[in-house]
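Please read it alongside the sequence and coordinates shown below.

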Amino acid sequence: RSATPALALSNTALPTPMSAQSFECRVLVVDDNEVNQKVVSRMLKSFNCTVETAENGQKALDVLSSTTLDFQLILMDWHMPVMDGLEATRRIREHLSLTIPVVGLTASILNGDRESCLEAGMNDVVAKPFTKATLKSVIHRWCQAPIAADNTVSTYTTASFYRRGSAAPTPLSVATANPSGGPSHGPNPNSAHSS
């Protein structure tokens with residue numbers, strides 16, 4: 001019996017799946033809920049992000065004002081003790097004069113909430129709980145271009161730093177924060193929950 005011939009290898013490179021992509025960016029996660037910090041940090045690290053955490057807005061300001069590290073993204077919870085996310089974002093913009101993209105995280109998306117976040121200087125708002133896929137979209141939208149496993153850079157590019165008012169990615173609507181099209185329900189080890 002003749003041997004089965006080997007499949008010929010195509011010269012056409014197969015697309016790299018999103019799960020194999022990594023984002024070489026440094027993210028500051030600001031959340032008073034330690035479980036949320038750990039869950040979000042684990043998600044970010046799975047994308048090859050470097051993660052720093054702060055437990056409230058004041059701690060975030062302390063980190064940003066005292067470190068020489070360059071952050072490409074801040075994930076900012078809204079409701080926190082000591083200093084909430086809105087006030088922290090205002091001070092990041094007005095006192096520290098930083099233009100790092102700030103994405104608000106909140107379990108309360110009522111009428112006017114999104115506008116309040118954007119008016120405070122946030123660039124985007126994502127509803128909690130959110131999934132790993134949603135977080136990946138946020139990083140892809142606001143950080144540097146993703147780097148695939150073969151070290152090729154995606155054709156999607158966004159400056160890590162930009163001045164407010166200049167061209168920037170369209171904010172991710174909270175209505176589409178869950179890629180399934182509906183709200184997330186129940187505990188999920190791959191989703192961050194409200195605090």
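## Confidence of the model

The term pLDDT denotes the predictor's confidence in each residue, on a scale from 0 to 100. The structure is a predicted model, and the protein chain has a mean pLDDT of 73, with 62% of its residues reaching 70 or more.

Two stretches call for caution. Over residues 2-20 the pLDDT stays under 50, and the model has seven contacts beyond four places in sequence for this stretch. Residues 145-190 also have a pLDDT below 50, although the model gives this stretch 92 contacts beyond near neighbours in sequence.

## The sheet

An open sheet is formed by five strands, whose order is β2-β1-β3-β4-β5 and whose pairing is parallel. At its edges lie β2 (50-54) and β5 (124-127), each of which pairs on one side only, and from one strand to the next the twist averages 20°.

Strand β1, covering residues 26-30, runs parallel to β2 and is joined to β2 by five bridges; within this pairing, V27 stands opposite V51 of β2.

Helix α2, made up of residues 57-66, lies across β1, β2 and β3 (73-77), and runs at about 155° to β1.

Helix α5 spans residues 132-142, and its buried residues are T134, L135, K136, V138, I139, H140 and W142. These buried residues pack against the helix α1 (34-46) and against the strands β3, β4 (102-106), β5 and β6 (130-131), so that the edge strand β5 is among the elements that α5 packs against.

## Cysteines

How many disulfides does the model contain? The count comes to zero, where a disulfide would require a pair of cysteine sulfur atoms within 2.5 Å. For C49, the nearest cysteine sulfur is that of C25, at 3.6 Å, and C49 is in no disulfide.

Is C49 buried or exposed? C49 counts as buried because its relative accessibility is 6%, which falls under the 20% cut-off. C117 is likewise buried, with a relative accessible area of 1%.

Definitions and conventions:
Residues numbered from 1 in each chain as written. Predicted model: local features only at pLDDT ≥ 70, side-chain atom pairs only at ≥ 80, totals over all residues. Heavy atoms only, no water. Contact = heavy atoms within 4.5 Å. Pairing = 2+ DSSP bridges. Helix = DSSP H or I, 4+ residues; strand = E, 2+ residues; numbered from the N terminus. Axes fitted to C-alpha atoms, helices over the stretch in contact; angles between N-to-C directions. Buried < 20%, exposed > 50% of the residue type's maximum accessible area, 1.4 Å probe, protein only.
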